[in-house]
Amino acid sequence: MDFKAMGANLGLDEDEFRELVELFMETGQNDYANMKAALVEGNGEAVAQYAHTLAGASGNLGLMDLHAAAKNIEHAALDNRLADIEGESAEMAIMFSAIAAFVGG
């Protein structure tokens, strides 16, 4: 992920973009954890809701790989295909790790 370019696409310098991503990480990781818990519980509606929130927030920041994964999870959950979500969820964990490395935590 080229965070400098992503910030520039939003008209932000790297430090400004980093601040926004830090805020996203605070809420996004919580939403991700809640989404995974809902998945374990088999609560497709909650999975879809958390995935929708993640998709919107990540899309607004230009984190399009994360956005796409969240949208895929949302659609699968709405179609009651919870078994199809595990791979996308694991990919999201990797993406969150890459973003955390960018923001330094």
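1. A word on terms before we start: a residue counts as buried under 20% relative accessible area and as exposed over 50%, with partly exposed in between. E22 is a handy example, because its relative accessibility of 33% puts it in the partly exposed class. Please keep in mind throughout that this is a predicted model.

2. Staying with E22 for a moment, you will find this residue in helix 2. If you want a distance to check on your screen, the C-alpha atoms of E22 and M6 are separated by 14 Å. Along the chain, these two are 16 residues apart.

3. Next, the pairing of helix 2 with helix 3. Their axes come within 8 Å and cross at roughly 155°. That angle is over 145°, the cut-off for this class, so helix 2 is roughly antiparallel to helix 3. The residues making the contact on the helix 2 side are F24, G28, D31, Y32, N34, M35, A38 and L39. Helix 3 answers with A46, V47, Y50, A51, T53, L54, A57 and S58. As for handedness, the crossing is left-handed.

4. Helix 3 also packs against helix 4, at an angle of about 160° and with the axes 8 Å apart. Helix 3 is therefore roughly antiparallel to helix 4. Here, too, the crossing is left-handed. From helix 3, the residues involved include G44, V47, A48, A51 and H52, and those they meet in helix 4 include M64, L66, H67, A70 and K71.

5. Between helix 4 and helix 5 there is a loop, and N80 lies in it. This residue deserves a look at its backbone: phi of N80 is near 60°, a positive value in a residue other than glycine. N80 is exposed, with a relative accessible area of 62%.

6. Now to helix 5, which runs over residues 86-103 and has 18 residues. From its first C-alpha to its last, helix 5 reaches 26 Å, close to the 26 Å expected at 1.5 Å a residue.

7. Which residues of helix 5 are buried? They are E88, S89, M92, M95, F96, I99, A100, F102 and V103. Viewed down the axis of helix 5, these buried residues fall within an arc of 145°, so they line one face of the helix. The face of helix 5 turned away from the buried side carries the exposed residues I94 and A101.

8. What do the buried residues of helix 5 pack against? Their partners are helix 1 (3-9), helix 2 (14-41), helix 3 (44-60) and helix 4 (64-78).

9. Setting aside neighbours within four places in sequence, M92 is in contact with Y32, M35, L54, L66, A69, A70 and I73. Finally, the C-alpha atoms of M92 and V21, 71 residues apart along the chain, are separated by 15 Å.

Definitions and conventions: Residues numbered from 1 in each chain as written. Predicted model: local features only at pLDDT ≥ 70, side-chain atom pairs only at ≥ 80, totals over all residues. Heavy atoms only, no water. Helix = DSSP H or I, 4+ residues; strand = E, 2+ residues; numbered from the N terminus. Expected span 1.5 Å × (residues − 1). Buried < 20%, exposed > 50% of the residue type's maximum accessible area, 1.4 Å probe, protein only. Arc of directions from axis to C-beta. Contact = heavy atoms within 4.5 Å. Axes fitted to C-alpha atoms, helices over the stretch in contact; angles between N-to-C directions. Parallel < 35°, antiparallel > 145°, perpendicular 65-115°, else oblique. Left-handed = near helix turned anticlockwise from the far one by under 90°.
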